[in-house]
Amino acid sequence: MAKSQIIKDLANSTIDVGTALKRAKVLFSELGNEELLKWVNCEISGYPDNASLPDYRVLRGTLIGSYMKGSMANHLKWTNVSIPLGKMPEEAKDALLSVYLFEGVDALEHLIQFNENPDNRLGKQIPADCFPLFNKYNNDPFMIVTSARVEVSTHNLSNVISIIENRLLDSLLLLEKEFGNLDGLDIDTSGKSTLEIEEIANKITVLVYNDNRVTIGDGNKIKDSSINTPSE
């Protein structure tokens, strides 16, 4: 059987992921699975605040900032360098360094282009009331942090798009295997029972989420980490 055009286009990168998702939405709508439609809608338009994000949309960034050591009259100063975390517990590091991507794929593509400029690194600002933690975990009372942010690399951002693309491709291949050619953005479900259609939809849902979702808790004061541009 000849491969469906949407699969060939996506595999050959002749269409962008956003366009492929919109086409897939038409196909997925025939399956009547709310979780699957929720995934494709969120990937197109972005995830709502405090949504359970797929694990691939949670990145671990690098803490960058400025600090000095010594007294105000006599001190050494470091600017835009990696800030050491000392003996900070792993759970605290995860909360600090995690960056949550709520944006839709088209917005992510634009952010990747923006992030290629070293002056436009993207990430999240760390509030000043967290700065004393760095003194504490470095056991250094003379360390004075003056600014801090978590930055994410262009490579990691691009990898998110690649994962979405790959999971979408796997889903379309499964859909084609079960229903035949997908050209015309239409599938004939009349030859399968309701239970069979539900099982297919569930298999695709597992493919796209991989059963790993991260819930963002309201109690995390530094969770507000949707991608943003650095402040002046």
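Me: What should I know about the source?

Reply: This is a predicted model: local features need pLDDT of at least 70, side-chain atom pairs count only at pLDDT 80 or more, and totals for chains, interfaces and linings use all residues. Residues are numbered from 1 along each chain as its sequence is written, and side-chain values use heavy atoms, without hydrogens or water.

Me: What pLDDT does the protein chain average?

Reply: The average is 87, and 87% of the residues score at least 70; pLDDT is the predictor's confidence in each residue, from 0 to 100. Over residues 218-222 the pLDDT is below 50. Where pLDDT is low, the predicted coordinates should not be read in detail.

Me: Switching topic, what order do the strands of the open sheet have?

Reply: The order of the four strands is β4-β3-β7-β6, with antiparallel pairing. Strands are DSSP runs (E, at least two residues), numbered from the N terminus, and two of them pair if DSSP finds at least two bridges between them.

Me: Which strands are at the edges?

Reply: β4 (75-82) and β6 (122-125), each pairing on one side only.

Me: How many bridges join β3 to β4?

Reply: Six, with β3 spanning residues 62-70. K69 stands opposite L76 in β4.

How values were computed. Contact means heavy atoms within 4.5 Å.
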